[in-house]
Amino acid sequence: MESAKSVMEPVAWILQMLTGLIMVVLVTVHFYVTHMISHDALEYSAVVERVSSPVFQGMYALLLLVVSFHAFNGLRAIVLDTNAGMRSRGTINVLTTLMFLVAFFYGLYLLISI
């Protein structure tokens, strides 16, 4: 029977790849909307109006989720590649998960409060 540690790493790697692909799509949509459709898309009122739309709020919430996960899972993997990281594997996993959750929910709060 495989331990949870041996199962978690391939799942984390697959999620890292999937979030990277999703980021490419969402960032492309973001750049298209903000830079290609209109020159006024970056004005404050246009940004507030766009971010107030439920469709864009959903897209930006998904982008925030995948970017936060990708960043902190990548940081976790880098730290775990060091000798000190391997000795504190559990602590590193907990800390990076907490940082991911704080970043995501704080960003979500800011997104919704606009």
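## A cluster of rings

Phe69, Phe100, Phe104 and Phe105 are linked into a cluster by ring pairs. Two rings of Phe, Tyr or Trp (its six-membered ring) pair if their centres lie within 6.5 Å; planes under 30 degrees apart are stacked, over 60 edge-to-face, and the rest tilted. Searching the whole structure turns up four aromatic pairs.

Take Phe69 and Phe100: their ring centres are 5.9 Å apart and their planes sit at 85°, so this pair is edge-to-face. It joins distant parts of the chain, with Phe69 in helix 3 and Phe100 in helix 5, 31 residues apart.

## About the model

This is a predicted model, where local features need pLDDT of at least 70 and side-chain atom pairs count only at 80 or more, while totals for chains, interfaces and linings use all residues. Residues are numbered from 1 along each chain as its sequence is written, and side-chain values use heavy atoms, leaving out hydrogens and water.

Phe100 is buried, at 14% relative accessible area, while Phe69 counts as partly exposed at 21%. Buried means under 20%, exposed over 50%, and partly exposed in between (1.4 Å probe, protein chains only).

Helices here are DSSP runs (H or I, at least four residues), numbered from the N terminus.

Notes
Helix = DSSP H or I, 4+ residues; strand = E, 2+ residues; numbered from the N terminus.
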